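Please keep the structure in view while reading.

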Amino acid sequence: MDNRMILVTGVYPVGGHLAGWRHPTAYPDIVMNLDAMIDLARTAERGKLQALFLADGNAVRQMDKTALFEASAPSDRPASFEPTTLMAAISQHTEHIGLFATATTTYEQPYLLARKFSSLDHLSGGRAIWNVVTTSYPGDAVNFGGAFPEKTDRYKRAREFVEVCKGLWDSWAADAFPQDKTTGQFLDSGRVHTLDHHGESFTVRGPLNLARSPQGYPVLFMAGQSESGRELAAQHADCLFSVAQTKEESIEVVRDIKGRMAKYGREPHELKIIPGVRVNVAQSRAEALALYRELNALVSPALGVQYLSSMVKEDLAPYPLDGPLPDLSAEVNGITSRRQSVWEMASRENLTIRQTYQRLLAADDTPPFTGTEAEVADELEDWFRSGACDGFMLSVPTLPLGLERVVDLLVPELQRRGIFHDDYSGATLREELGLRVPSNPHFTPQMV
Ligand SMILES: Cc1cc2nc3c(=O)[nH]c(=O)nc-3n(C[C@H](O)[C@H](O)[C@H](O)COP(=O)(O)O)c2cc1C
């Protein structure tokens with residue numbers, strides 16, 4: 001395990017708490033507000049964070065849950081930029097930070113997607129990250145003319161999709177475009193490879209109409225944690241956005257997923273496991289807790305129950321607010337890991353529906369690390385040094401305040417402890433994250 005942790009944070013300015021956007025310090029206007037996102041990106045870069053994250057979906061969600069729809073849950077994003085175009089814009093206002101765009105293998109086409117991410121990698125000077133998702137929200141299917149595919153089919157398509165993209169990214173040798181004015185040779189026709197893929201879901205001839213990008217392939221992030229999700233990550237992911245409530249659970253995720261890599265010819269260090277954590281850091285613990293109280297007071301029980309229902313993919317309105325959750329142990333055609341971790345937490349701690357949503361308002365389904373920079377750093381350091389992860393996906397309750405506190409309080413503390421880098425040093429994001437730049441199997445010598 002690398003001795004420097006990876007820190008990633010979200011760039012969607014609603015904040016991680018359901019009422020985060022209503023805090024007095026939050027941006028007054030966040031709908032399609034590029035300036036707010038650039039401001040967050042620059043703050044994150046000031047703190048030397050390695051990447052900016054933007055989740056995504058392809059539908060307006062929760063229209064049947066009026067309270068939740070009108071309140072705009074952080075994960076629903078009724079007004080959100082398309083991630084690759086947004087990250088291309090942000091790339092022009094930042095220099096080092098990785099740009100993490102989510103795109104789904106369930107509805108995209110590999111040729112178009114490979115082009116977009118290769119473009120982003122060129123435009124950003126080697127900072128593109130593709131968050132490979134299979135989409136967990138059944139409602140997105142209404143915009144693509146068909147039924148929501150079963151999870152096994154989504155993952156089957158995802159595997160072929162990723163393989164086609166990798167094949168397309170290997171279309172050109174890095175020195176394929178001599179652009180020699182004297183001879184008139186623009187490109188070297190011996191330095192291009194035609195993929196000619198004929199598979200179950202895709203037929204793609206190639207080659208890709210972009211030169212090889214600085215990272216060869218963008219960094220591949222994945223998120224699913226079912227059996228199929230773990231296998232796909234073990235085979236193809238550079239980083240996994242994982243979900244774990246406790247350090248022990250996270251150690252188990254690391255052990256399980258890294259243990260699957262050998263059969264794909266990969267070493268454990270080639271996959272970085274990055275669990276999501278909710279961080280509320282302040283100059284005193286009392287100040288951090290006061291922020292949660294202030295935000296929780298803005299959420300009614302009706303809204304809280306709808307929030308929890310959407311998270312666990314089960315309508316909880318018919319159940320007593322102060323009674324236990326119904327049995328949620330069955331796998332559903334959505335996010336297995338999220339539903340199960342919430343259910344396990346509620347069962348373990350005997351929480352009622354009200355207590356569960358109140359807990360999740362502060363923590364979502366991720367561990368809430370709350371307190372001074374020393375207290376929060378103790379938790380992060382403990383997870384990191386115990387082998388529970390390679391870094392963290394940080395979510396903060398409200399923006400920009402939460403991120404400013406991370407940058408001004410938490411980052412210096414982690415640097416003092418020698419577990420977070422002092423500055424960027426890699427030529428590309430892959431180097432920054434300690435990941436291999438993939439070699440192009442079709443051409444030697446390699447000039448990637
Ligand atoms: C932490 C996390 C973040 C995710 N982010 C997205 C996202 O932004 N967009 C999306 O369409 N799906 C997202 N997904 C859904 C996954 O790609 C996948 O479809 C889902 O988790 C179901 O697979 P699983 O049962 O293997 O977890 C996310 C999943 C997890 C666990």
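A salt bridge is defined here as a side-chain nitrogen of Lys or Arg within 4 Å of a carboxyl oxygen of Asp or Glu. The structure holds 26 salt bridges. The model is predicted, so local features need pLDDT of at least 70 and side-chain atom pairs count only at pLDDT 80 or more, while totals for chains, interfaces and linings use all residues. Residues are numbered from 1 along each chain as its sequence is written, and side-chain values use heavy atoms, with hydrogens and water left out.

Arg260 lies in the loop between helix H7 (247–259) and strand S9 (272–281), whereas Glu227 belongs to helix H6 (residues 227–236), 33 residues apart. Helices (H or I, at least four residues) and strands (E, at least two) are DSSP runs, numbered from the N terminus. Arg260 is buried at 9% relative accessibility, but Glu227 is exposed at 53%; buried means under 20% relative accessible area, exposed over 50%, and partly exposed in between (1.4 Å probe, protein chains only).

A further salt bridge pairs Lys258 with Asp390, at 3.0 Å from N to O. Because Lys258 is in helix H7 and Asp390 in the loop between helix H12 (373–385) and strand S11 (391–395), this pair ties together parts that are 132 residues apart in sequence. Lys258 is buried, with a relative accessible area of 13%, and Asp390 is buried, with 4%.

Arg359 and Glu349 also form a salt bridge, their closest N and O atoms being 2.8 Å apart. Arg359 is partly exposed at 30%, and Glu349 is partly exposed at 36%.
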